[in-house]
Amino acid sequence: MNFLRKIAGLGNSWQMDRFEETASRTLQAELPSGRVLVALSGGVDSAVLAALLARAIGDRLVPILVDTGLLREGEVDGIREAFASFPFTLRIVDASARFLEALAEVSDPEEKRRRIGGLFIDVFTEEARKFPDIRYLAQGTIYPDVIESAGSGGSAQVIKSHHNVGGLPDRLPFPLVEPLRFLFKDEVRTLGRTLGLPARLVERQPFPGPGLAVRVLGPVTRESVRLLRASDRIFLEELEASGYLGQTSQAFAVLLPVRSVAVKGDGRAYEPVVALRAVVTEDFMTAHAARLPVDFLARVANRITNEVPGISRVVYDITGKPPATIEWE
């Protein structure tokens, strides 16, 4: 910033309202006819994408939420409520059985993303057949997704594929529309506020497109998702009740592919381990672990081990980014 302003002599003239106006005009020109299918996840990026497209093309927008069976507890109802006031009808497709079947016995995170990305396109294609004038598919890809998937056009190495970048099949049934592709997360939030989105959507913490599949390390099963979903809910509940949720940029639980010996009642248990992850960041390109009090973490661990049958050990991840990514997979 010092170089740009003081040395290069550039002014601070770029404003998000100008981006919104330019993007709207560009979308109107590039999408002159036909409907646009948009993938809603309930996260910040897809919400801002939907609002921007609604502003640009109005009722030609067809938003779809695919229930993959990999969403957080109460997520579908929360998304339905959050978008109730939007000027479009949200379609919810329950494809949970198909996604869980596709991920059975799959441990490699890149293969998980490829299968999820491919199945998303299959579901969207099936839904698009119900609207004969669907012409485009829109996704809320943002610049950190592009960088980590090495999709920005250089010789960058793939860190991890995002299902809406490197996880998509090479041939798509529709042209892909990604108007947020070169925005960072903080810029997306600013755009959301410019578009008049409510704070509960704009300030929401990120949730990965592949959902809990990339927070279950190892094979994804109904049981592993149950364990993770319940543990994640407790962690977020305690963060909110204690006032720490607003001090973190992203917080979640991870189910590890290891088991640990424990004592439950008078017997021996050998059960999976849950890791807690909470980070603070400005742009999601670098991050440091949130310095949560030990007493707080102990309370969360006690609740998880007492309330989630099948979990008997909880650890806290204090690794920064880099070297670690924010998500484990």
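**Close-up views of a predicted model**

**View 1. Surroundings of D67.** D67 touches V76, V93, D94, A95 and S96, leaving aside residues up to four places away in sequence; contact means heavy atoms within 4.5 Å. D67 lies in strand β2 (residues 61-67). Strands (E, at least two residues) and helices (H or I, at least four) are DSSP runs, numbered from the N terminus. D67 counts as buried because its relative accessible area is 18%. Buried means under 20%, exposed over 50%, and partly exposed in between (1.4 Å probe, protein chains only).

Residues are numbered from 1 along each chain as its sequence is written, and side-chain values use heavy atoms, with hydrogens and water left out.

**View 2. Helices α10 and α11.** Helix α10 (residues 222-242) packs against helix α11 (residues 294-307) at an angle of about 145°, with the axes 10 Å apart. Axes are lines fitted to C-alpha atoms, for helices over the stretch in contact; angles run from 0 to 180 degrees between N-to-C directions. On the α10 side, the contact residues include I234, F235 and L239; on the α11 side, they include F296, V300 and I304. By class, the contact has 6 nonpolar, 2 polar and 6 charged residues. Nonpolar covers Ala, Val, Leu, Ile, Met, Phe, Trp, Tyr, Cys and Pro; charged covers Asp, Glu, Lys and Arg; the others, Gly among them, are polar.

**View 3. Aromatic pairs.** The whole structure holds 5 aromatic pairs. Rings of Phe, Tyr and Trp (its six-membered ring) pair if their centres lie within 6.5 Å; planes under 30 degrees apart are stacked, over 60 edge-to-face, and the rest tilted. Y143 and F182 form a tilted pair, 5.8 Å centre to centre with 45° between the planes. Y143 is partly exposed at 22% relative accessibility; F182 is exposed at 60%. Y244 and F296 pair edge-to-face, 5.1 Å centre to centre with 75° between the planes. Y244 sits in the loop between α10 and β6 (250-264), F296 in helix α11. F296 is buried, at 2% relative accessible area. Ring pairs also link F99, F120 and F124 into a cluster.

**View 4. R215 over F252.** The charged end of R215 sits over the F252 ring, 4.0 Å from its centre. The criterion is NZ of Lys or CZ of Arg within 6 Å of the ring centre and within 35 degrees of the ring normal.

Notes: Predicted model: local features only at pLDDT ≥ 70, side-chain atom pairs only at ≥ 80, totals over all residues.
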